[in-house]
Amino acid sequence: MKKILLIRFSSIGDIVLTTPVVRCLKQQLPDAELHVLTKAVYRSIYAPNPYINKVYDLKGNMKELIAELREEHYDFIVDLHKNWRSLRIRQALHRPSASFPKLDFRKFLYTKLKLGHLPKVHIVDRYFKAVERLHVHNDGQGLDFFFNEGDELHYEDLPETFREGFVAIVIGGQHATKILPEDKVVEVINALDAAVILVGGPEDAARGERIKQKVGSYVGNSCGSLTVGQSASLLQLADAVITNDTGMMHIAAALRKPIVSVWGNTVPEFGMYPYLPQSMTPAAIVENKNLGCRPCHKLGYAKCPKGHFNCMNSLSPMEIAEKTKAGLISGSCSGTSGN
C-alpha cells in the first residue's frame, strides 16, 4: 500500500474521533503515505498530526479538487464521513475504497419512533470497519490531539487564582438542547468549591460573563477569547473537565483528562461518549435515563421540542460536582448514573 486518502470533512469532535484510525494506519502501514481531506476551517486540527503526510482542503470548486486528487493516484480511500460529497469523490477517483456503518436509519427509528436499539459500539470502533481490508486494527490507545505552534498555554499564562489548579467547565455546544442551563452551571460551581475556568466560543462569552458575575472572582471566563487550540491547551492544564456533549469533550478525552460528561437531548448510546484508552477508567456520565422523549434528535435543536427541557433541567448539579470531586481525588471521573 503506497498512498491512502482519508476523508472527514467536519466537525471538531468528529475529526478528533478519527485520530485512532489515522495513527493505526500510519503505524501499522509504515511505508504508506497518508493524506487527509477536510474542510478548510478544520485544517488546523489535522495539520500538526505527525502521522499525516498531506492535508487537502474541501474547496468550492469540486471539479478542481477532484482533478488535484486524481494526480495523487491513491491506492485506497478511507471514507469516514459517508455523505453524498464524499461518495462523489470516491466515485470520481475510481479507486478502491471503504466506509463505515453510519447507522443513520437506526438512529432515526430510535429518536423519532423509539423503536429498536443501537449496538453498544463506539463510533471509533465503527470507523475501523473502513480499514479492515487493509488489515489495520485498533490499538486501544484512545484519541490523539496535537497542538499547532503558539497554541500551548502554561500555568504562568493564567491569572494567579488558577495557577494552583482549576476545573474547566465547557459551557458551549452546537445545539441549545445539548447545553447545561446557565443556572445549573452556577449551582455546579457553588457545589464544587474550587477554582473554575469556563470554556466556550464567542457565542458563549456573554453567558460565561453572567455565570462569572453570579459566582465570584474564583471563576474565569475564557469563552471567545481563545482559539480552539488554546482552549484545548486550557483543558490540558485543568485538573478535571465538566463538559456537554460537544467537540471539546472529545479533545478532553484525547488529552486523557478526568471527565464528567453531561447529556441532554442526545445519549451515549449514539456511540459518541468520551473515548479513552482501554487502560483508563471510563469517564463519568450524568444523564436522565427515565424520559420517554429522550433522545429527541441525533444532533439537537435550538430549543426543547416539548418546552420543558427536562433532559437538562432534571439533572442534579450536586451529582455533577460530586463526580468531579471524585475524579479529582482518584485522577479519573468514573461511573454512570441515571435519575
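Before the first helix pair I wrote down how axes are taken: they are lines fitted to C-alpha atoms, for helices over the stretch in contact, and angles run from 0 to 180 degrees between N-to-C directions. Helices (H or I, at least four residues) and strands (E, at least two) are DSSP runs, numbered from the N terminus.

This is a predicted model, where local features need pLDDT of at least 70 and side-chain atom pairs count only at pLDDT 80 or more, while totals for chains, interfaces and linings use all residues. Residues are numbered from 1 along each chain as its sequence is written, and side-chain values use heavy atoms, with hydrogens and water left out.

**Entry: H4 and H5**

I looked up helix H4 (residues 62–70) against helix H5 (residues 84–93); their axes come within 10 Å and cross at roughly 45°. H4 and H5 are therefore oblique to each other; angles under 35 degrees count as roughly parallel, over 145 as roughly antiparallel, 65 to 115 as roughly perpendicular and the rest as oblique. H4 passes H5 in a right-handed crossing, that is, with the near helix turned clockwise from the far one by less than a right angle. I listed the residues in contact (heavy atoms within 4.5 Å): H4 supplies Met62, Lys63, Leu65, Ile66, Leu69 and Arg70, and H5 supplies Arg85, Arg88, Ile89, Ala92 and Leu93. Sorted by class, this contact has 7 nonpolar, no polar and 4 charged residues. Here Ala, Val, Leu, Ile, Met, Phe, Trp, Tyr, Cys and Pro count as nonpolar, Asp, Glu, Lys and Arg as charged, and the others, Gly among them, as polar.

**Entry: H8 and H9**

I then looked up helix H8 (residues 182–192) and helix H9 (residues 205–215), which pack at an angle of about 40° with their axes 10 Å apart. H8 and H9 are therefore oblique to each other, and their crossing is right-handed. On H8 the contact is made by Glu182, Val185, Val186, Ile189 and Asn190, and on H9 by Arg207, Arg210, Ile211, Lys214 and Val215. I noted 5 nonpolar, 1 polar and 4 charged residues there.

**Entry: cores**

A nonpolar core is a set of buried Ala, Val, Leu, Ile, Met, Phe, Trp, Tyr and Cys residues joined through side-chain atoms within 4.5 Å. Buried means under 20% relative accessible area, exposed over 50%, partly exposed in between (1.4 Å probe, protein chains only). The largest nonpolar core has 65 residues, and Leu6, Leu25, Val78, Phe145, Phe166 and Leu235 have the most contacts inside it. Helix H11 (residues 247–254) gives the most to this core, with 5 residues. Apart from this core lies another, of 29 residues, among them Val167, Val196, Val286 and Cys304.

**Entry: H11 and H10**

I checked burial in H11: 8 of its 8 residues are buried, so H11 is largely enclosed by the rest of the structure. The buried residues of H11 pack against helix H1 (12–16), strand S6 (167–170), helix H10 (228–237), strand S9 (240–244) and strand S10 (259–262). Arg256 follows H11 and has a positive phi, near 60°. In H10, 8 of the 10 residues are buried, so H10 too is largely enclosed by the rest of the structure. Its buried residues pack against S6, strand S7 (196–199), S9 and H11.

**Entry: Gly201**

I found Gly201 in the loop between S7 and H9. Gly201 is buried, with a relative accessible area of 18%.
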